[in-house]
Amino acid sequence: MAVLAFILASLVVLTVLAYAAAPGWLWAAAALGFVVGLSSVAGLSPVATSAAFALVTAFAVVLAVPSLRRALVSQRILGAFRKVLPPMSQTEADAINAGTVWWDGELFSGKPDWAKLASIPKPVLSAEEQSFLDNETEQLCAMANDWEATHLNSDMPSHVWQFIKDKGFLGMIIPKEFGGKGFSAIAHSAVVQKLSTRSSSAAVSVMVPNSLGPAELLLHYGTDEQKRHYLPRLAKGLEIPAFALTNPNAGSDAASIPDYGIVCKGIWEGREVLGMRVTWDKRYITLGPICTVLGLAFRLYDPDKLLGDKEDLGITCALVATQTPGVQIGRRHLPLNGKFQNGPNSGKDVFMPIDWIIGGRKMAGQGWRMLMECLAAGRSISLPSSNVGMGKLAVRGTGAYARVRTQFKTAIGKFEGIEEPLARMGGYLYAADATRTMTAGAIDLGERPSVLSAVAKYHVTERARQIVNDAMDIQGGKGICLGPNNFIGRAYQQMPVAITVEGANILTRSLIIFGQGAIRCHPYVLKEMQATREQDRAQGLADFDDAFWGHIGFTVSNAARALVMGLTGARFAGVPALFAPEHRRYIQQLTRFSSAFALLADVSMLTMGGALKRKEKISARLGDILSLMYIASCTLKRYEDEGRQSADRPLLDWAMHDALAKIQTAFEGVLDNFPSRPSAALLRVLIFPLGKPCAAPSDRLGSKVASLLIEPSATRDRLTAGMYVPKSEVDPIGALEAALDATIKAEAIEATIRAAQKDKRIAGKTHEELAQAALAAGVIGAAEQAQLVRAAKLRDQVVRVDDFPRDFGLSEKLAGLQQRAAA
Ligand SMILES: Cc1cc2nc3c(=O)[nH]c(=O)nc-3n(C[C@H](O)[C@H](O)[C@H](O)COP(=O)(O)OP(=O)(O)OC[C@H]3O[C@@H](n4cnc5c(N)ncnc54)[C@H](O)[C@@H]3O)c2cc1C
């Protein structure tokens, strides 16, 4: 009994030491104390005690003396690492090394420093940026008619294009010294977001030149001459850029593009120059059909060694004027009825000077590294912003519609069945917008968050897809029948585009987020890998020794932290006073999950090694945990940055409960499918010692969120802030806004009429009869009756859907064409 009690007490001491990440000497002292204690309670002989004492001392000395530890232990482990570590291609290395680690590093640490999150400055627009948003962007929204662009004209009208060029929309990321706007990332994001609440054609046409493409590549790598020539022209829309990477045989696996160039001499403008003969076949290229300068990616070969001694130089990016003889361009794709310009282009043995390579000949073969280094900025902004925009359109419009549209004599938004998708829409949008803002803010802080940009891209687009799907379900036939009065149908059609571009979502979730995160954000893995590949063997051993033993301490500490916080519900985990009291439990839960995640990630890498790369379903769920912790952090930050608006609390609570419950589900998914069952059993005890702690948002909470969406309020305005809200009642959104206001006013009047009917003061069969009787009996006044009439008229207007001639106007169009031809 005494022995058992002693062993239990020792386990507690062990856990405390591990939890506190105690230094080595304390572990050694504890081990010696254990020997002495065991000898006394178990009555060990002096010989056995001395032997155990000697063994522990020898062990401690080996581990404590660096030269001994390296020679006797670390050297062997490093050898084993070298054997099992899979080789890394240059393109993989470029992807891994690109960008920076930011808040993701804290989430991977097992012990996030929440004070750091609190100290991240709130992203704000400058006066000039705010003015651009309130004036030029608002004007562009007013001019851009999505139905006309997508259905009638298959493009934006030329005056809208000209406005885009003249006002500098295409040069938001180009510095002022080159004639661009030099906007911050948060301003760029706000413009794309607002345009996306109005017109996909305008939003995509503005988004693409400001994302990864010629301008961004030139800014980072262009020669002075290239910058001076192209940037002012791009900023003013005198050149239209496109970026061509995708080939029919290389989509997701873009590094394997078969497009190629051969370094050779040729005649250019009457002189013999060093150049390249390039052959390519690209598809899906946005702005491709109208571009004047193509950022072209291809693999460059130098068989005659004209540039140096390498034959296969690797992926190279060049700027190709589309007027160049041999460039085939101009046909269009039809991406789910989106009429932004998109199409294929190709060229066969097109000769171009070598200095068309972005950055000149010294950047030959550096294309993949350039793309990977620049990817984070565009990916952090473009799709998160455009998709939050579509989410805002869906939430504001559908929330209003759900109040205006009645069935069974009730506003449909008040049915529990509709409350559920409405709550999801509100909670998802709150979190997605928080993620958009914090990630764009990171760019303005000088970060290039490669992993978090993938998280933002994947999770914001998936949330937006769900929001738009929910909007479609709530609107029923109104969402399905396309036409100028349908404000959601085109967003629904465009969703798969967002899911597919800038890293298709399945690939991003399954391969990129954890695959890259585990190496980049982990405090030790990259250091171990670098040490393993270090050419200087002695340096490699020293670096590996540091990283490896740090890693062991990290894993042991996280195991203890996960267990202790699992047993105590993390109620003792520290939370800085900087946060609102309502955040306390959320932060404690996230701290617990961070420790558990760090442990699970380590055990996954240890037990599966290189095979984890192929275990995409496990990797995807591990990535979900990291991603959801990030989304939850952004959500908390948003609440703080917006001044702790208590009226928004249901949105915060819904989003946090949703994230925490989903994190728990992702843990469960990994443990249920973990290949090593003994490891899974042990991990389950450490991570969920008392079962599952988190519940999904409750129905009651969902009702509160839903009710925020179906009536005007400051919360609804904050939730949809930055969206274009037309004033005209001819516009479907303008009409919905007016109808919502009128409906709410009418509801109070109708309640008065119903009360009078119940008291038998008035009678009538229809709404109109009852209103007339109420007016006659003095139950309501003339102004109130006018309000009822206005509400009914607006309701009829927003409920109406478009219809067309039986041949959709084809014969009329043909007759017009014939008349024109005859004239
Ligand atoms: C409207 C539109 C605009 C575009 N604009 C441009 C542009 O301007 N410039 C440009 O260069 N390209 C552009 N693209 C191309 C876009 O980047 C590619 O479509 C994208 O990379 C995916 O390639 P893919 O369509 O060939 O799909 P595939 O690569 O064939 O992928 C099909 C599916 O397999 C999944 N998948 C692939 N590999 C894995 C894996 N290892 N693990 C798990 N799942 C995997 C993908 O996630 C996807 O779901 C555009 C595409 C569209 C549709």
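Student: Why is phenylalanine 34 called partly exposed?

Tutor: Its relative accessible area is 32%, which falls between the limits for buried (under 20%) and exposed (over 50%), computed with a 1.4 Å probe on protein chains only. The model is predicted, so local features need pLDDT of at least 70 and side-chain atom pairs pLDDT 80 or more, whereas totals for chains, interfaces and linings use all residues. Residues are numbered from 1 along each chain as its sequence is written, and side-chain values use heavy atoms, without hydrogens and water.

Student: What makes phenylalanine 6 buried?

Tutor: The relative accessible area of phenylalanine 6 is 17%, which is under the buried limit.

Student: How many aromatic pairs does the structure hold, and why is that of phenylalanine 6 and phenylalanine 34 called stacked?

Tutor: There are 20 aromatic pairs. Rings of Phe, Tyr and Trp (its six-membered ring) pair if their centres lie within 6.5 Å; planes under 30 degrees apart are stacked, over 60 edge-to-face, the rest tilted. Here the values are 5.4 Å and 25°, so the pair is stacked.

Student: What does this pair tie together?

Tutor: It ties helix 1 (residues 2-19) to helix 2 (residues 24-42), parts 28 residues apart in sequence. Helices are DSSP runs of H or I, at least four residues, numbered from the N terminus.

Note on methods: Helix = DSSP H or I, 4+ residues; strand = E, 2+ residues; numbered from the N terminus.
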